[in-house]
Amino acid sequence: MIDVLNRLNIEEAEKKADILMHYMECILEKNESVNLTAITDREDFVQKHFVDSLSCANEGEFLNADRIIDVGTGGGFPGIPLAVCFPEKEFVLMDSLAKRINIIRELCVKLGIENVSVVHGRAEDLGKQEGLRESFDLCVSRAVANMSTLCEYCLPFVRVGGCFIAYKGPDCESEINDALGAIRVLGGKLDRLDEPNSRAQKGYNHRLAFINKVEATPEKYPRKAGTPSKKPL
């Protein structure tokens with residue numbers, strides 16, 4: 001883990017790697033009673049959760065962001081690895097399952113991760129809430145959802161001029177293309193989708209889709225809870 005952080009030019013790599021390894025052990029312990037991750041092998045955990053989460057760390061959209069929201073954070077990914085490595089940035093981690101959010105809150109206190117706050121709720125509801133709607137420089141998400149649905153969850157949180165980075169699977173081109181209309185309706189514009197070979201060579205499990213927020217999201221979005229997944233734009 002220290003080598004990975006050094007390659008990313010993360011300061012105090014040893015200290016931050018130690019925090020992340022403690023976080024992993026705590027998540028695996030909690031995982032016995034609450035579903036936080038299907039990955040229980042420690043080497044796989046480091047690669048598929050920590051290394052993959054940090055795959056946006058050298059991108060300009062991330063480096064220039066001060067306030068970041070992680071939608072559908074699950075066990076805290078990608079939010080916690082990014083927050084640990086960049087303590088100067090403010091992170092809000094959001095999930096619809098209260099048990100997960102409570103565990104993340106507990107572990108942040110235990111491990112001294114002070115730049116993270118957590119919010120329990122559905123994106124469809126929180127995306128209309130004052131203080132959250134269009135108030136983030138960047139949204140990140142590794143949530144498993146169709147791209148059109150995911151954009152309706154995420155783009156309402158991003159301010160105009162900000163960016164949404166979606167972590168998607170290796171064969172996502174057609175899914176991204178099918179979502180272009182939804183992206184436009186929600187005030188976004190696809191900037192780029194990174195190449196699969198460049199990601200695989202660095203050991204990342206996901207490709208990154210960069211969607212710039214070019215216009216305010218119309219007030220009617222996101223639609224009521226459950227609608228974006230049942231009837232994608």
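The paragraphs below go through a pair of packed helices, one buried glycine and several salt bridges in a predicted model. Residues are numbered from 1 along each chain as its sequence is written, and side-chain values use heavy atoms, with hydrogens and water left out. Because the model is predicted, local features need pLDDT of at least 70 and side-chain atom pairs count only at pLDDT 80 or more, while totals for chains, interfaces and linings use all residues.

Start with the helices. Helices (H or I, at least four residues) and strands (E, at least two) are DSSP runs, numbered from the N terminus. Two packed helices are described by the angle between their axes and the distance between the axes. Helix α2 (residues 13–30) packs against helix α6 (residues 98–111) at an angle of about 145 degrees, and their axes are 11 Å apart. Here axes are lines fitted to C-alpha atoms, for helices over the stretch in contact, and angles run from 0 to 180 degrees between N-to-C directions. Contact means heavy atoms within 4.5 Å. On the α2 side, the residues that meet α6 include Ile 19, His 22 and Tyr 23; on the α6 side, Ile 103, Ile 104 and Glu 106 are among them.

Next comes Gly 127, in the loop between α7 (123–126) and β4 (136–141). Gly 127 counts as buried because its relative accessibility is 0%; buried means under 20% relative accessible area, exposed over 50%, and partly exposed in between (1.4 Å probe, protein chains only). Leaving out residues up to four places away in sequence, Gly 127 touches Arg 133, Pro 156, Phe 157 and Pro 222. Val 158 is 31 residues from Gly 127 in sequence, and their C-alpha atoms are 9.5 Å apart in space.

The last topic is charge pairing. The structure holds 14 salt bridges, each a side-chain nitrogen of Lys or Arg within 4 Å of a carboxyl oxygen of Asp or Glu. One of them joins the side chains of Glu 152 and Arg 223 (2.8 Å, N to O). This pair links distant parts of the chain, 71 residues apart: Glu 152 is in helix α8 (residues 147–154), and Arg 223 is in the loop between β7 (207–213) and α12 (227–230). Glu 152 counts as buried, at 0% relative accessibility.

Another salt bridge joins Lys 168 and Glu 175 (2.8 Å, N to O). Lys 168 is buried, with a relative accessible area of 5%, whereas Glu 175 counts as partly exposed at 24%.
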